[in-house]
Amino acid sequence: MKKLCIILLGPPGAGKGTQAKKIAKTYGIPHIESGRIFREIAKGDSELSKTVKKCIEQGGLVPDEIVNRIIKERLLSEECRKGCILDGYPRTMSQVAALDSIIGEIGGKILVISLKINKNKIIERNINRLICPVCGAIYNLKTNPPRDDLKCDDCGSQLERRVDDEKIEVLRRRIETYEQYTEPIIKHYEERGVVKMVDASQSPEKIFEEIKKVIDQATL
Ligand code: AMP
C-alpha cells in the first residue's frame, strides 16, 4: 500500500487537534500540527518569529513560502515514512499545489477528512478551549475540563488560553480566513474523489468512531 497522508480540514474549533492526536496514536503515524509549529516559532525573537507572531495574533495566515518550506522538510523526514496526519495544513491553494507535488514525489496517497460544524458551535468551542503549552493536550472548560484545576492531566503544566482565542474579532477573522482560503481546498479534493465528510458537532468519541471507519476503508 502507498503511504497514506491524511489531511484533516475544518474551521477553528472543529476538533482537528483532538482528533488528529487520536488518529496518530491509533495508527502510529506522526501528527503534523502546523499551528503548534508556528506557536513555537513565535516564541523566539528572530525576524521569522516576529513575522509569525504577528500573523497569529491578527488571526491571519503565515506566508505560504514559509509554511511550505517548513512542512516540506517534515514530510520528507524519516518520521513520515509510513504516512502522517496533517492538521492545519494545507490552508491555501498554493499550499495544496506544494503538497500535491510532494505527495507525487514520494508516491503517497491522500485522504481528506472534512469536519463539518456550524458557526455558533465553533465560537463556543474556541472560547472554552485551553491548551497545554508543554505537551499540546487540548481541553474544553465545558465538555472536557482538566481534572485538577487548570493543570494538564497528562504532564501537570499550567494550562493556557491561545492568544488567538481570546478576542472575538480575531476569532471571527480566523473563521472568515477559513471560509475564504480553505473551503476551496475541499472542492479541489472533492473533484479528485478523496474527501470524506464527518459531522463534528458530535462528542469527540463519536467523531473518532466515524473517522476510524473512514480511515479503515481507505487502507483496505
Ligand atoms: P491553528 O492552530 O491551526 O488554528 O493555527 C494557528 C495559527 O497559525 C493560524 O491562525 C495561522 O496564523 C497560523 N497557521 C497555522 N497553520 C497555517 C498554515 N497552514 N498556513 C498559514 N498559517 C498557518
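Visitor: What makes Glu 78 count as exposed or buried?

Guide: Glu 78 has a relative accessible area of 56%. Buried means under 20% relative accessible area, exposed over 50%, and partly exposed in between (1.4 Å probe, protein chains only). Glu 78 is therefore exposed. This is a predicted model, in which local features need pLDDT of at least 70, side-chain atom pairs count only at pLDDT 80 or more, and totals for chains, interfaces and linings use all residues. Residues are numbered from 1 along each chain as its sequence is written, and side-chain values use heavy atoms, with hydrogens and water left out.

Visitor: Why is the contact of Glu 78 with Arg 81 called a salt bridge?

Guide: A salt bridge is a side-chain nitrogen of Lys or Arg within 4 Å of a carboxyl oxygen of Asp or Glu. The closest N and O atoms of Glu 78 and Arg 81 are 3.6 Å apart, so the pair qualifies.

Visitor: Which residue forms a salt bridge with Glu 33?

Guide: The partner of Glu 33 is Lys 21, with 3.8 Å between the closest N and O atoms. The pair links distant parts of the chain, with Glu 33 in strand E2 (residues 31–33) and Lys 21 in helix H1 (residues 16–27). Helices (H or I, at least four residues) and strands (E, at least two) are DSSP runs, numbered from the N terminus.

Visitor: Why does Asp 165 count as buried?

Guide: Asp 165 is called buried because its relative accessibility is 2%. Its salt-bridge partner Arg 174, at 3.0 Å from N to O, is also buried, with a relative accessible area of 10%. Shared partners join Arg 129, Arg 162, Asp 164, Asp 165 and Arg 174 into one network of salt bridges.
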